Structure formats: structure tokens, C-alpha cells
Amino acid sequence: MASMIESAWAFLLANFSDFQLTSLGGFIVHESAFFLSGIPFILFERAGWFGKYKIQKKTNTPEAQQKCITRLLMFHFCVNLPILIVTYPLFKFMGMRSTLPLPSWKVVSTQILFYFILEDFVFYWGHRVLHTKWLYKHVHSVHHEYATPFGLTSEYAHPAEILFLGFATVIGPAITGPHLITLYLWISLRILETVEAHSGYHFPWSPSNFLPLYGGSDFHDYHHRLLYTKSGNYSSTFVYMDWVFGTDKGYRKLKMLKEQECKAEGKAM
């Protein structure tokens, strides 16, 4: 497997420049991971599939879904792609490389774990700032147009927010100067995480059922259902920041009440 990956990577190096692989390649990886993981949740909602796993009974209209997709394509090409092009010199300066040999899986996994932890910490505080009155009204309210989120709404946001919270995603790689393949993997995993968190579905196989401290869709869906002054659950991936700073009390109380109701119904049967 490792030799096959190295051969494929050698082919890319022989046919594309470092700039093309970083900027355009990064954009293609982002778009592929985002739309391939996000579109199925639109289909689930329209077809009514997996209804028993849907967190909210309310659904989005096809028009609302189309509006989201149209805006996303505009933001991705007019904001995300230029950012990848402009930041290329910065990543090279910080030590990012694309040459062979590829890094070991131990190095890759360690770096990505660090990125998730750092991103979650930075995102938590940035997200809380966006829920202050002025910034919510003029910036973050765009993201909250969808009180019933679906996968693609994860990146539906004001351009200023894309830049502001995007910093949380790139700060880890900027610090460590990873191999480009590590950056590809990090982008893909971060997208899969945020799409799942906004999916609107909580399945038996959802990561939060197996990974300790992982937030997931149920945790973040609560954030979208409430007014900005009462939301909480500001973290992107994990739950410990909200627990430490007490911004998940409403969510934990609601979850406890639901568990009590389920136990009461079980005894009644």
C-alpha cells in the first residue's frame, strides 16, 4: 500500500508544480471531500430516508438547499481558492514540502491529532466572540440562517467568518510545516468532521457514540436550534472546552431530561 501511494505521489510530482499541487490540488481535495460527504444528507432529507435518526423533525425546502449550494460555490471560488493561492508562500516559508519520501504514518497521525486539538481550542474562542451581539448580527447570523442544518451548511458563512474561523484550521499546519500529503489528509478529515456535525442526523454509527470527548451532530445541532444569547456548545470537534467553561449546561440538562423520559417510558411499557 505504501509503495502504491508513493508511486501515485511521484506521478503527481512529475506532472504538476509544487504551487499547483498545493493551491489547486488543495482546492480540489477540499471540494471533493466537502461535496461528496455533504450531498448525501440533502438526498436523505429530500427522500425522507433515515427519518428516525433525524435530530429535528423540520426539514429544509429544496429552494433553501439550492440557495446554500449556490452561495457556497460563490464563496469557495471567490474566497477559499484565493486564500489557498495567497497563503502558498507562507506555508513554504513555514517549512511545508511535497517531495519524496512521504512522512511515516506515526508522524502524520501525531500532527493531525495536534491540529484537531489546537483547532478546537482556537475555534472555541473565535466562535464565542462571533456570538457577541454585534458580530452575531453583522457576521455570524449568516451561518445561523439554517436553524435546521444539513451537511453543506457547515461552510455556509459570511466571508469575514470564513477568514476568521479559517485561521483555526490553518494555524496548526502553519506552525509545524507538514508534508503536503498530511495537509491533504487534514483538510479531508476536518471537512468530514464538520459536515457530520452539521448533518442533522445522529446514527448508531455516528463517531460521538464511540469516541470519548467527541461532540458530533447531536452536540452541534443543539447550538443551531437556539437563539444566539442562549446557544452554547461552541466547540468544533470535542466537548471538553464547553464543559470546562460551562457553556454546555443547557445541552447537558436537556440531554439528562431526555434520558429520564426514555427511562420512564421504558418502565411504563
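Student: What share of residues 162-187 is helix, and how far apart are the end C-alpha atoms?

Tutor: The span is 88% helix and 0% strand, with its end C-alpha atoms 15 Å apart. Helices are DSSP runs (H or I, at least four residues), and strands are E runs of at least two, numbered from the N terminus. This is a predicted model: local features need pLDDT of at least 70, side-chain atom pairs 80 or more, while totals for chains, interfaces and linings use all residues. Residues count from 1 along each chain as its sequence is written, and side-chain values use heavy atoms, without hydrogens or water.

Student: Which residues does UniProt place in the feature "transmembrane region"?

Tutor: The unreviewed entry gives 33-51, 72-91 and 162-187. Such annotations may be inferred rather than shown by experiment. In the model, residues 33-51 are 79% helix and 0% strand, with end C-alpha atoms 24 Å apart.

Student: What makes the contact between helix 3 and helix 7?

Tutor: Phe75, Val79, Asn80 and Ile83 of helix 3 meet Pro159, Ile162 and Leu163 of helix 7. Contact means heavy atoms within 4.5 Å.

Student: Why is Asp18 with Lys92 called a salt bridge?

Tutor: The term needs a side-chain nitrogen of Lys or Arg within 4 Å of a carboxyl oxygen of Asp or Glu. The closest N and O atoms of Asp18 and Lys92 are 3.1 Å apart, so the pair qualifies. Asp18 lies in helix 2 and Lys92 in helix 4 (residues 88-93), so the bridge ties parts 74 residues apart in sequence. The structure holds seven salt bridges.
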